[in-house]
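The sequence and the structure are shown first.

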Amino acid sequence: MLLFYLLTFAATIQAQNQLLPGSCNFESNTCGYTSDADFTSWELHKDGRFVAVDAAIPEDQDDEKSADTGPQKETIGILLSPALEQGEWSCLRLVYQISGSGSLTVLQRTEGKSFDKPLWSSQEPSDSWVISSMDLQNNTEPYRVVVEGKPGGSPGSSVAVFEIHISPGYCLDCDFEESHLCGYSNQWNANVNWFVGGGGGQLLHNDMPNDHTYNNKTGHFMYVDSIYAKTFKEVAKLMSPMTMVPMYGCLSFQYQRSEERGNLFSVFTRDRLGQYQEMWRAGPENQSEWSRTLGEWIPVQVDLKAPYSVQVVFEVAFNSPRGGRVAVDDISFSPEFCSTDSEPTFDPSIANCDFESGFCHYSQDQGMGSWRRVSVKPNIFRNGDHTTGAGSFLLVHSQLNPNSGYVTRLVGPTLPGNMKFCLRFFFSLRGITVATAGFNQTDRALGVYLQPQQKSSSQEKIWTQGEKSRGIWIGADVTFQTLQPSKVVFVSTCRSFWDCGSVALDDISVSLGDCELTAGMLSSPLPGHCDFEKGLCGYTQDKKNDDADWELRRGPTPTSYTGPRGDHTTGLGYYLHMEASPLLHGQRVQLLSSILRGSRGPQCLRFFYQMYGSGTGQLNILLSKDGEVALLWQRTGEQSMAWLRATVEYQSDSQHQIVFEAIRGSSVRSDIAIDDIVLESGPCTGEQSPPDVSSAE
């Protein structure tokens, strides 16, 4: 018995020694974590060993009139870790609880940058504590962990943090020696479930093996037993924490398995959409090895290629109560693939092209029609490209052609087989007028096909044009699977003089995985980014220094011959605009960014704007700090009917805000719109917008 306690104590000490600075169990103090003084304070509850931020209680809660005062001010608590210097990859595990309603977000703050990097976020309430894991990638600069709690407005809502563990290695790594099990969890089943084995206390099974980590009875592992299986194919699932960053490398683990004919042991990845993909399955060769080496652990290595968030799932299916038992221990991940023979990770960016410098890796089949690369300078009659509003794009069937019955094909680079991809591109229908020939027939203007490398295989249509809005760039997302090496082909058909499409193409991109997954690793937009699809993203209307508000709009503005016909993001989404009709000449609207920290280096602001209308006024970008306002960028008068890209680089070493100011012009035809704001640390790359262009230019 003494040996058992000594071994258990040694394992506990070893686990504590593995914890890195920034870890805290909040037993008696906050371990150097401090509350940001500009926000609600996190309170230390020593009796419960946690810190929490609670919903604010209205001062006049009993006053009947308080119900008419509008919504309560949002409560936000910011908890900051001490400065951390950890150059190697590490894993942060958070034990927390959201009671009632609210949200909890973890970010990484690097010194000298205005924006925090989001790591993880949740809005799911729970009745007890929950564990979440997030990988901290290699970082050469000191940083702080930022924990942002927002309790909801309902009575009793609170956000609590019980423990923060930072340990070296990857969040997929686990030897199951600690009570939190590294965030691994059992998906509950009425009859068969994964349990913690070892620890010296085997009540149900005296024949349990030694664990692999310490090779003794006191170490721990996970196991599932068929003894309670009642129906055919009972399934038990052990789920890893969800990865938060792309993971490419070798997944290793140890396992034991008995009664091989009575169970099926497999390892899958599961994405956020609930889609499973098998990585490995125990086969006959493993089973015979088990029978020869009963009680020994069998090592497994399998390549993991996860460009988006996934869970690793260890799944065992039993067909009877005599299906045996499966045990797993010492799961680990390495950034190197398991074998030098493993195929390198395919880089899908070879299929990206904005056509600013040519056709990239795209080519054309020789035929009677052809895609032409064209550019349109900003003007008030024709739309420009999607990339900048003043760059290049591809156009097909743009002129009357005496020939008919031809097909134009734009062929992309070869994509490897047995992979899922997301194709994104923008197209625009470019018909001329109703009186002009057949160029208004757009049903066959554009289709996308998958052309297998084997000539004997037929091509597959993966997208057909459905949206027929003219004159705006419309975004398309296509998820497709390659069974063999294939090429993406854009096809436009001209059957006759009266049935001929005219279409433009721009900004093609290809990424790995389903389009719903590759839209982003986090559900919320990055700080400083806003496409206005889900509101203002933390930007606020200025209620003090302007005359009206910016308005969210979808589709064209109410006044003809001014304003955009669609947004820049997808052509069918939302943008922000100043509606000139109710305003007087010279009145203004202002949009404020959140308060930004100062930075030693430059900052970069990118956004798209549209200034179309004979009476257009002025659009200004202002820097507001210390009660003073400085002009960073300005446009005056009508610019173009296209969305134009603006790039503004600036520097501020103290707290500041960016202000988007639109001023109404001489007539109602002076709507001004903005979209797709990106505000980030670091210098702007590529061509920058000149600070001022007047209407005369």
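## Strand E38 and its partners

In which sense do strand E38 and strand E39 pair, and over how many bridges? The pairing of strand E38 (residues 618–625) with strand E39 (residues 628–636) is antiparallel and involves eight bridges. The model is a predicted one. Lys 625 stands opposite Glu 628 of E39. The two strands form a hairpin with two residues between them, and Asp 626 in the turn has a positive phi of about 55°.

E38 also pairs with strand E41 (residues 657–663), in the antiparallel sense and over seven bridges. Here the bridge partner of Leu 619 is Ala 662 in E41.

## A five-stranded open sheet

Five strands make up an open sheet in the order E2-E3-E10-E5-E8, with antiparallel pairing. Strands E2 (43–45) and E8 (130–136) stand at the edges; each has a single partner strand, so one side of each is left without a neighbour in the sheet. On average, neighbouring strands of this sheet are turned by 30° against each other, direction ignored.

Leu 44 has Val 51 in E3 as its bridge partner.

Tyr 248 belongs to strand E15 (residues 247–257). Its relative accessibility is 25%, so Tyr 248 counts as partly exposed.

Not counting residues up to four places away in sequence, Tyr 248 touches residues including Leu 304, Pro 307, Phe 333, Phe 337 and Leu 512. Tyr 248 and Leu 304 are 56 residues apart in sequence, while their C-alpha atoms are 5.6 Å apart in space.

Terms used. Residues are numbered from 1 along each chain as its sequence is written. This is a predicted model: local features need pLDDT of at least 70, side-chain atom pairs count only at pLDDT 80 or more; totals for chains, interfaces and linings use all residues. Side-chain values use heavy atoms; hydrogens and water are left out. Helices (H or I, at least four residues) and strands (E, at least two) are DSSP runs, numbered from the N terminus. Buried means under 20% relative accessible area, exposed over 50%, partly exposed in between (1.4 Å probe, protein chains only). Contact means heavy atoms within 4.5 Å. Two strands pair if DSSP finds at least two bridges between them. Axes are lines fitted to C-alpha atoms, for helices over the stretch in contact, and angles run from 0 to 180 degrees between N-to-C directions.
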